[in-house]
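Here's a quick briefing to read with the structure open in your viewer. Take a look first, then work through the points below.

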Amino acid sequence: MNYADYIAWIPLLPLAGFVLLGLFGKRFFKQYSGIIGVFILLVSAALAFYTAYIYFFINGYEDGVYQKLIPIKYVWLQFYSGTSIDMGILLDPISVMMMVIVTFVSLMVHIFSLGYMKGEERFSTYYAFLSLFTFSMLGLVVASNIFQIYFFWELVGISSYLLIGFYYDRPSAVSAAKKAFIVTRFADLGFLIGIIILAFEGGTLDFNTLIHRLTDLQSPEYIAITTASFLGISVMTWALTLVFMGGAGKSAMFPLHIWLPDAMEGPTPVSALIHAATMVVAGVFLVARLFPVFSINGASLLIVTWVGSVSALFAAIIACTQTDIKRVLAYSTVSQIGYMIFALGVARYGGEAGAGYTASMFHLFTHAFFKSLLFLGAGAVIHIVHSNEMKDMGGLRKLIPVTHITFLIACLAIAGVPPFAGFFSKEEVLLAAYNSNKAVYGIALFTSGLTAFYMFRLYFSIFWRKEQEHETHGHKLSLSMKLPLIILAAGTLLVGFIPFGKFVSSDGRTLESPFHFEFSIAPVLFALAGISLATWIYKKESGRSQKLAAALGGFYRAAYKKFYMDEVYMFVTKKIIFNLVGKPAAWIDKYIVDGTMNGIAFSTAKVSGWIKGIQSGKVQNYALYFFVGIIVLSIVILYLWK
Amino acid sequence: MNLSLLLLVPLITLTALLFCKGLKQVRSISLFGSAVQFVLSFVLLYWYWKERASGNNAAFLFEENYVWYAPLHINYHIGVDGISVAMILLTSFVVLAGVLVSWKVETLSKEFFFLLLFLGVGAYGFFISLDLFTLFFFLELSVIPKYLLIGIWGSGKKEYSAMKLALMLMGGSGFVFIGLAGLFFNTNTVDGTHTFDILQIAQMHIPLEVQQIFFPFAFVGFGVFGALFPFHTWVPDGHSSAPTAASMFLAGISMKLGGYGCLRVATFLMPDAAQQYSWIIIILSCIAILYGAFATMMQTDLKYINAYSSVSHCGFVLLGIGILTKTAIAGAVMQMVSHGLMTALFFAAIGMIYDRTHTRQMAQLGGLLKVMPFISTVFVIVALCSLGLPGLSGFVAEVTIFMGSWERADAFYKVATIVACASIVVTAVYILRVVGKAIMGPLASKEFNLIKDAGWHEKLATGLLVVAIVAIGVAPFWLNNLIGPDADLIMKNISNGMVIK
């Protein structure tokens, strides 16, 4: 089969699912909506895997480079400056990889939700939204045009909004959904302006052409965009930084991360899909997509590096203090995405220097497995315990053994213990950082210790700590919930062995990344130290955790309060935007602008009130005016004639 | 195709209405009449495309020209280009939906439907006129019925609002008239007389001094209709007091008369002045966009929210016109169509909510999704369209305007674009605020449990508009191809003017 024959069906099938379930699900399909959703995704995922096989092993690799293929492209909106928004499908290693991740994780979540969302009143709507999200995310990753990315970027945003606010009668869910959308929208403003600058300077919106023009140091576009400057910074740096702002918002990077922990209000499988494995890595994907351009602009790469590493550390510290298990995982996601972002930041284009790029994509790939596994595991736990709080859990290891084992595998993977997937990808990330920026390497190393600590704090709090006190209540996990856990755990065990550099690299050539045994000693030691500390404190009920918290004092409280970032945002929005901008605008409109209009009307009425007395309709008055007029006129005439 | 049919069908419907008795007859006739008109506008689209496809490159198609009043050189001259076809389609959608939404108007139903359809006549006539006087005549036709619709069937402080709206629109018309008269007396035809004919004036070169004087009159005059800052204050009061169908018409079509007039009369006929004054237009429209959005954020009444957001969205229309690039003008027209459909739908949904809950205050609403899923879903869709969600019409129009305005090299235009872009964040804030409070959240009152969801006529009305919004949002190329060449024509006039200068 040619790509063009079938490839559009990969995103379009979920869209069809959305339309079908959205319009008719509630009335005709009811509980079968889930099966329909799963089936559609199954076909979509099968096509995506098939494409990956064909692309990577049959015809994608030509002349020593992975080709960028565009099997389908339509002009969607033509502008008169010569640019146009096209809708197309671009196949290159990262888009094919993302297609596989998105369809696979989405399929797992679809299956898991069969059990998790069973009996839910809006079951069909839930599957419709999941399909909408999957469609949008697939459209995003295959985008061949930078505006196509923005188009689907907003659509994944709204899918996320709808799913976070799925339990719409809970005020907390509604405000979390709103917050998620508005914070990312704010970031998207930067993205939009960045796109417009790039489009204007590059004279095109098409990715391949744009990248080609802006990386060719002799091209007029490159010279124009780098020589023009605004506030002393080149327009190129502005554009890329603004684009990255969009990416940072979607990927919940510091300081735009505040929406992600709140987004945990959504159903847990949704968190696994959107807020762990796929949508939140869109920012990483965006930078990777434009990486050739980023790589020749040192200033924007430096921003990328530091935003990534600060987020990695900052979120890991907060994750150590949170008590809501989903929030711990959310901060952990921020931290891990920080790894991917700074890995891109420390990379350069081509060859060995591009190792960070491969590492970033590898970590994105493995993270999708173990993080969605962690979230689905957490979902299973919440399903049994009916609470998100650690204090309501403990000793669950015998009650839900499958969840326990799979969760443990995922924890070991994220902590970076060999031979689980996270170990390999993290090792590559650290190596890339080590070769480029020692400070970042230090932060990353320390963060990996923290990661192991908070993950095992979570693990022991859920499955150990207390003796089992929960009754089974007939709460058994259905097969539909166990199956995805097992599949994902198997994935977590295996995907680390993929020689990733063979497939994905900054310049499309294969990159040999030999395993450095001596180099992996330090990260593993840090991980083991974190695990041991967590075991010592949390495995059994003891006062050690409180003592530790007390010893850290103010720092602990600040971390527990998420370093007061929410309060700062609250202050800015409520106090400054609403009170100092919104209220005055409304006031001015009512009293000054409208007041002037009303004033004109009022004074017209007043003046006519005075004048109308003259036209009284009484003959004697008119006669009086007449004679007075004559007298006045005669005086004037006599006076003038004299 | 005979364009006068577009006027004839509504006029016949109006005449038939005069002989109707009872609500049932009245609404069936109105529905039938507007449905015929709806089909007719699609027939027009079909013929228009066919003509264009067969290589007819005339600026205006299906022209008809009759002398109306010879001593003053007033002609009944009509014709359409892509822009007017788009506007006619918009009008027929909104009128049909308006009739369906008003299905249950029982007080003075005959008069109500008569006035509503009468408004339509004014709009259709306006969009096909190629003679300034005829155009002005149709513009005036559509003011007085609004006064009556609000004053009689309105709610709240309706007398005040009706008076305010009528006076401000009349004031706007006064300005327009001065502008048109000024143009008229400065035209010179071959035989040494004056003319109102748009096509002829476009060929002439009106002296720059004359343009400088009369452009502001024409632009501000039409601007009042199109909610030009600071002449927008009739919008919130007028909309909020008007009955649902009148609000739909007001925001959906009436405000577009202004935008269309600014484009077709002010900018097209006086290109040099448009060029000179463009910075003022841009500043005013940027203020409207951002300040309108901030003012919306503070509103608590659903209709006020949509009315203020209309000020913000119509700012995009004027911005697109002020920027004066081909892309921006195409964007302005798309925004007119998009906003027309969207805001009509928004008012329809708000009206349905008000009919059922008897309140429009956000604080008293909540959890409507539970009790009226259909209406709430429509509300959410239209809210997302307003917020500029891709896949719906608003996104297409805004993006086109942004792309068009960045084409201008000056830093001034770039700043204007950024200011306009910034509104997407504020829009998200107020839209999600109202959706979060009114549609989602816990149910505000137990009485809401008795509410019935939309009836067939309401489903049909909103369905029509939703389909149109989605059609533009998913496949904007057809609309773009329809209006693009004519935006080109307007731009040519402007660049010719610049060359002569």
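**Briefing: what to look at**

F135(A) counts as buried, with 27 C-beta neighbours inside 10 Å. Bear in mind that this is a predicted model.

**Around F135(A)**

- You'll find F135(A) in helix 5 of chain A, which covers residues 123–141.
- If you skip the neighbours within four places in sequence, F135(A) is in contact with P11(A), P14(A), L15(A) and F18(A).
- G17(A) sits 118 residues away from F135(A) along the chain, yet the C-alpha atoms of the two are separated by 9.2 Å.

**Chain A overall**

- Chain A has 26 helices and six strands.
- Its C-alpha trace spans about 120 × 65 × 60 Å along the principal axes of chain A.
- Out of 642 residues in chain A, 55% are buried.
- Take the contacts in chain A between residues at least 6 apart in sequence: 79% of them join residues at least 24 apart.

**Helix 10 of chain A and what comes after**

- Helix 10 of chain A runs over residues 235–250, 16 residues in total. From first C-alpha to last it reaches 23 Å, close to the 22 Å expected at 1.5 Å a residue.
- Why is helix 10 of chain A described as largely enclosed by the rest of the structure? Because 14 of its 16 residues are buried.
- After helix 10 of chain A comes A252(A), which has a positive phi, near 55°.
- Then there's a cis peptide bond between F254(A) and P255(A), with omega about 0°. P255(A) belongs to the loop between helix 10 and helix 11 (259–262) of chain A.

**Where chain A meets chain B**

- The contact draws on 37 residues from chain A and 38 residues from chain B.
- On the chain A side, the elements giving two or more residues are strand 3 (69–78), helix 6 (146–164), helix 7 (171–202) and helix 25 (565–612) of chain A.
- Helix 7 of chain A supplies the largest share of that side, with 13 residues.
- Sorted by class, the side of chain A that touches chain B has 25 nonpolar, five polar and seven charged residues.

**The nonpolar core**

- The largest nonpolar core has 428 residues. Those with the most contacts inside it are A343(A) and L344(A), along with A86(B), A97(B), V333(B), L345(B) and A349(B).
- Zoom in on A97(B): leaving out residues up to four places away in sequence, A97(B) touches M248(B), A344(B), A348(B), A461(B), L464(B) and L465(B).

**Two hairpins, one in each chain**

- In chain A, strand 3 and strand 4 (residues 84–91) pair in the antiparallel sense over seven bridges. L77(A) stands opposite I85(A) in strand 4 of chain A.
- Five residues lie between strand 3 and strand 4 of chain A in this hairpin, and G82(A) in the turn has a positive phi of about 100°.
- In chain B, strand 1 (residues 61–69) and strand 2 are also paired in the antiparallel sense, over six bridges. Here V67(B) stands opposite N75(B) in strand 2 of chain B.
- That chain B hairpin has four residues between strand 1 and strand 2, and H73(B) in the turn has a positive phi of about 60°.
- Is strand 2 of chain B (residues 74–80) mostly covered or mostly uncovered? It's mostly covered: six of its seven residues are buried.

**Other backbone spots worth a check**

- A cis peptide bond also joins P418(A) and P419(A), with omega about 5°. P419(A) is in the loop between helix 18 (401–415) and helix 19 (421–436) of chain A.
- F62(B) isn't glycine, but its phi is positive, near 55°. F62(B) is located in strand 1 of chain B, and F62(B) counts as partly exposed because it has 19 C-beta neighbours inside 10 Å.
- L324(B) is a non-glycine residue with a positive phi too, near 60°. L324(B) lies in the loop between helix 13 (302–323) and helix 14 (326–357) of chain B. With 25 other C-beta atoms within 10 Å, L324(B) is buried.

How values were computed. Residues are numbered from 1 along each chain as its sequence is written. Chains are lettered from A and ligands numbered from 1 in the order in which they are written. This is a predicted model: local features need pLDDT of at least 70, side-chain atom pairs count only at pLDDT 80 or more; totals for chains, interfaces and linings use all residues. A residue is buried if 20 or more other C-beta atoms lie within 10 Å of its own, exposed if 12 or fewer, and partly exposed in between; C-beta atoms are placed from the backbone. Two residues are in contact if their C-beta atoms, placed from the backbone, lie within 7 Å. The expected span of a helix is 1.5 Å times one less than its number of residues. Ala, Val, Leu, Ile, Met, Phe, Trp, Tyr, Cys and Pro count as nonpolar, Asp, Glu, Lys and Arg as charged, and the others, Gly among them, as polar. A nonpolar core is a set of buried Ala, Val, Leu, Ile, Met, Phe, Trp, Tyr and Cys residues joined through C-beta atoms within 7 Å. Two strands pair if DSSP finds at least two bridges between them.
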